[in-house]
Amino acid sequence: MAADGEAGAAYREFKALSEAADRKFARARDLPLYGGGDHHSRKAFKAYTRLWRLQQERRRELVAGGLRRWEIGEVASRIGQLYYARYLRTAEPRSLVGAYVFYEAIYSRGYFGAAAAAAGTDGGGGGSRHQALLIRYKELRFIARFLVVAMLMRRAEAVDHLAGRLRALVEETKAAYPKTNFKEWKQVIQELGRFLKADGAYKGSRSLRYDNLFDSYPSNLASIARFHSKRVLKLKEAVLTSYRRNEIKFTELTLDTFRMLQCLEWEPTGSYQIAAKELTENGTVSDQSGPSGLIDIQLSTEISDGSLPSNPQKAIIYHPTAAHLLAVLATICEELSQDSILLIYISASGSTEQSFASQKLGSSSSSRGRPAFPVDKPNSHISSDNHLWLGPRGSGGPNNLYPEDLIPFTRYPLFLVIDSENSYAFKAIHNAEKGEPAALLLSPRTSSAMPGVEATSHGSQFTYFLTAPMQAFCQLAGITSDIDTDTYANAENILFSALEEYEGILCTSVGLNNVWGQILPDPFLRRLILRFIFCRAVLFYFHSDEHDHLPTCLPSLPESVSPNAEAIRTPILSLAENLVVSDRFNFRDSTRNKK
């Protein structure tokens, strides 16, 4: 009897600590992942640390008192969510690894799966079936979260396995509960399939993160160093948002922001990459009942990669209103240090009337081997071409974001990347700044593609070029089948050499505007600029005489890196010849001059 009393007391203590931790978790979860508020996350971590230690030290008593497996899984899942939130807030890779390790341990031990199966078959009647359904919902949400973390970790095998498990679990649950509406989860499965198809179009591609081995060019270090004698700005903060109808996304992560997020991070080079082990083939381990203390609450703080600087912090805003986006910018600008520049990335439609179908390019009747042009030209009506549209279908007015809305923030150094058919409207910011001249990269008004190919099937094309230029080139040229490994590797080498040469030319150009000069020492911004030069030149040779298909930068870059320059043209020709697609470009006439 004494033992039963101790077991009951232990479980009551666990429940009390769990309720207190859940309240702290709710406060931390409801706060925005930018600005202040990290103390709420620390409080939640502390509460769950105490709770986790209790279940480690008194597991036998707790189980005797009524502790169920899914309750342990719920605690571990909350810890994983806190790690992921910390990653979003701080951009620390070790926090992302911490989330992965906890999620992998939950999955491999079957905390939710085994519990749902047991609850559904224990003969307890309708109450047990209802509890089993609730646990199954927890498992579905958990796997969806795990998938996002695995995708960000670029764990391809784990992603494939989890995607298959999520699909199977939805089907199993629909069959077991035929009267329950699973329309929302069917939509999630559809979004996942579309996302994975676009993200994994070119297998074996390099990571999108900045890799010193592939993205740094030692031959140009001396040229870059000369800018350090003047004012130098560092990228420490970024605001990333995307709002398009029918855009490719999974949960609240759109494909465009997913790519840009990784593009603004360092590729890990330390040993912690292997800390997050891959899933086994069947997603389980042999010992399902062992102590969960093998999940180390301190794991994240012990993982580091001291060879790399800190990642820029990023505020990822999912489908904001215009007012919300401006409020976020105001908050972040207030905290911007004097040597920092803020990157603002916006991928959005330019009209409330634009449909996803109107972005499809070309037609089957286009001549073979010639670039395709859009069936629907951008709307030139004065009331709809001077803003971006941030809002649900059928709305406008307050959800329109105008260039004038961003001008007050030019009191601070800004690096603007606008990906929209109305991007050209944001030229109005140039020479209208309130203190600091802004650097602008503006997308083409119209995307490009070969006949019969949908330009947006891999996400926004301009963003694709800025984050994954090799894959974007292949997509533009209509290369859809698997490429021979040696051919693709050779193409990567050609691109590497091209960007190295572009960097050398840019950094030694006479008359380089100081707006660019003060940010070139930053590796992330320099890489974006080099990829912009590549993108502009590729699209220049893809079209014969179409201004709407070319991106724009302000202030203008030197003529030495214009598409007309032979040093810019030659590597692109080599790349096209290597991939046997040179007939899809117009390399013969290199005397045209487009700004």
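**The sheet and a buried glutamate**

Author: An open sheet of six strands, with mixed pairing, has the order β4-β1-β5-β8-β9-β10. Its edge strands, each pairing on one side only, are β4 (313-318) and β10. Strands are DSSP runs of E with at least two residues, helices are runs of H or I with at least four, and both are numbered from the N terminus. Two strands pair if DSSP finds at least two bridges between them.

This is a predicted model, where local features need pLDDT of at least 70 and side-chain atom pairs count only at pLDDT 80 or more, while totals for chains, interfaces and linings use all residues. Residues are numbered from 1 along each chain as its sequence is written, and side-chain values use heavy atoms, leaving out hydrogens and water.

Reader: Which residue in β10 stands opposite leucine 440?

Author: Happy to trace that one. Strand β9 pairs in the parallel sense with β8 (residues 414-419) over four bridges, and there leucine 416 stands opposite leucine 440. Towards β10 (residues 552-554), β9 runs antiparallel and is joined by three bridges. On that side, the residue opposite leucine 440 is leucine 554.

Reader: Which residues of β9 point the other way from Ala439 and Leu441, and are they buried or exposed?

Author: Strand β9 covers residues 439-442, and Ala439 and Leu441 share one direction. Buried means under 20% relative accessible area, exposed over 50% and partly exposed in between, with a 1.4 Å probe and protein chains only. Pointing the other way, and buried like Ala439 and Leu441, are Leu440 and Leu442.

Reader: How far from glutamate 421 is the nearest side chain of opposite charge?

Author: Glutamate 421 sits in the loop between β8 and β9, and its side chain reaches the backbone nitrogen of glycine 350 at 2.7 Å. Lys and Arg count as positive, Asp and Glu as negative, with His and the chain ends not counted. A salt bridge needs a side-chain nitrogen of Lys or Arg within 4 Å of a carboxyl oxygen of Asp or Glu. Glutamate 421 is buried yet has no salt bridge, and the nearest side chain of opposite charge, arginine 244, lies at 4.2 Å.

Key
Polar contact = N/O pair within 3.5 Å; in protein donor to acceptor, adjacent residues only side chain to side chain.
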